[in-house]
Amino acid sequence: MQPRNMSMSGVVDLAAVKAAQEAKAKAEQARAQAARQGGSGAISPADLIIDVDEASFERDVLQRSAEVPVVIDFWAEWCQPCKQLSPVLERLAVEYNGRFLLAKIDVDANQLLMQQFGIQGIPAVFAVVAGQALPLFQGAAGETQIRQTLDQLVQVAEQRFGLTGLTVDPEAEPGGQAAPTAPAGPYDAALSAAAQALDAGDLGGAIQAYKNVLADDPANPEAKLGLTQAELLQRVQGLDPQQVRKDAAERPADVQAQIAAADLDLAGGHVEDAFGRLIETVRRTAGEDRDAARLRLLELFEVVGAEDPRVTGARRALARALF
């Protein structure tokens, strides 16, 4: 079976807003708690590779994925390609020194997990980041390909979710635990209320909750991100996608039609299309129309995140369009 590569950078998952916020908060709290206790929360290199079954999956994969990316190796004793791939993943888990955790799942003993992940053949490798499952590759893969995929994974985990990995101490005893989660911060209740409102489809309530946090803490990154994403969802909620795209195609000079189409593009995960549409609109307009397109583009940059390379490239293209 040929490997099937999966890109980390294809979409903006607006449904992951809550997970991203909670993951960042937990990661920061764990580091702060370790610092207060005068320790590092370090684990042994042996603890970077764990066997997981259906009973321990929630604790060892889902919960741990709020601290560190968890790479899952689905394998079986009879699978010859697995015997070639698994040692490579185990060696890289130690080499990456806590940037990810390797969870090994025997599919013969854990059929339910295999079904839940929709696995048709092994070896199959997935990642879970802040509770979000990402397919990495299926089938035999070379070490160069594996390294590239892992590099992309740890970059996304750090930039999008604030997960910088685990601290590894070669002198630590196996079975050591990372630092416990710190007490809730001053805005955790409000951010949690916003996330609950999003889950319930109450976009107005979520927006207000984020604004309440920003009223007291204008620089709060979780609230700023959540507000821009909730406002995007609210803008596209009542739109007719077919009509919006028809209007944009038929009226290229209509700035509001292009802005609405760009919102739909981004909400649907078509990041480059959304950016390109508004950059082109900026290029061919002037005055208030140009400002409207430019300001909406800057808002969409906030939705995706300043560290995303697509934002970096689009900022350069915007500068060329303006000047």
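This report describes selected local features of a predicted model.

## Disulfide

The model has one disulfide. Cys79 and Cys82 are its two partners, with an S to S distance of 2.4 Å. A disulfide is a covalent bond between the sulfur atoms of two cysteines. The torsion about the S-S bond of Cys79 and Cys82 is about 80°, and the disulfide is therefore right-handed.

Cys79 has a relative accessibility of 3%; because buried means under 20%, Cys79 counts as buried. Cys82 is buried as well, with a relative accessible area of 2%.

## Backbone features in loops

Most residues other than glycine have a negative phi, and most peptide bonds are trans. The residues below depart from one or the other of these patterns.

The peptide bond between Ile122 and Pro123 is cis, with omega about 0°. Pro123 belongs to the loop that runs between α4 (111-116) and β4 (124-129).

Asn97 has a positive phi, near 55°, although it is not glycine. Its position is in the loop between α3 (80-95) and β3 (101-106), and Asn97 is partly exposed at 43% relative accessibility. Ala130 also has a positive phi, near 50°, in a residue other than glycine. Ala130 sits in the loop between β4 and β5 (132-138). With a relative accessible area of 10%, Ala130 is buried.

## Helix α13

Helix α13 covers residues 309-322, which makes 14 residues. At 1.5 Å a residue the helix should span 20 Å, and its end C-alpha atoms are 20 Å apart, so the two values agree.

The buried residues of α13 are Arg310, Val311, Ala314, Ala317, Leu318 and Ala321. Viewed down the axis of α13, these buried residues fall within an arc of 125°, so they line one face of the helix. An α-helix has 3.6 residues a turn, so residues three or four places apart point the same way.

The face of α13 turned away from the buried side carries the exposed residues Pro309, Arg316 and Arg320. On the buried side, the elements that cover the buried residues of α13 include α5 (143-161), α11 (271-284) and α12 (287-304).

## Asp60 in helix α2

Asp60 is part of helix α2 (residues 57-63). Is this residue Asp60 buried or exposed? Asp60 is buried, with a relative accessible area of 14%.

The side chain of Asp60 makes a polar contact with the side chain of Arg59, at 2.9 Å. When neighbours within four places in sequence are left aside, Asp60 is in contact with Ile50, Val52, Val70 and Leu101.

## Salt bridges

Side chains of opposite charge can pair when their charged atoms come close. The count for this model is 21 salt bridges. One of them joins Lys83 and Glu77, whose closest N and O atoms are 3.8 Å apart. In this pair Lys83 is partly exposed at 43% relative accessibility, whereas Glu77 is exposed at 52%.

Another salt bridge joins Glu90 to Lys104, with the closest N and O atoms 3.2 Å apart. Glu90 lies in helix α3 and Lys104 in strand β3, so the pair ties together parts that are 14 residues apart in sequence. Glu90 is partly exposed at 27% relative accessibility, while Lys104 counts as buried at 10%.

Asp265 forms a salt bridge with Arg277, and here the closest N and O atoms are 3.2 Å apart. The pair links distant parts of the chain, with Asp265 in helix α10 (residues 255-267) and Arg277 in helix α11, 12 residues apart. Asp265 is buried at 4% relative accessibility. Arg277, by contrast, has a relative accessible area of 25% and is partly exposed.

Conventions
Residues are numbered from 1 along each chain as its sequence is written. This is a predicted model: local features need pLDDT of at least 70, side-chain atom pairs count only at pLDDT 80 or more; totals for chains, interfaces and linings use all residues. Side-chain values use heavy atoms; hydrogens and water are left out. A disulfide is a pair of cysteine sulfur atoms within 2.5 Å. Buried means under 20% relative accessible area, exposed over 50%, partly exposed in between (1.4 Å probe, protein chains only). Helices (H or I, at least four residues) and strands (E, at least two) are DSSP runs, numbered from the N terminus. The expected span of a helix is 1.5 Å times one less than its number of residues. The arc is that of the directions from the helix axis to the C-beta atoms. Contact means heavy atoms within 4.5 Å. A polar contact is a pair of N or O atoms within 3.5 Å; within protein, one must be able to donate a hydrogen and the other to accept it, and residues adjacent in sequence count only if both atoms are side-chain atoms. A salt bridge is a side-chain nitrogen of Lys or Arg within 4 Å of a carboxyl oxygen of Asp or Glu.
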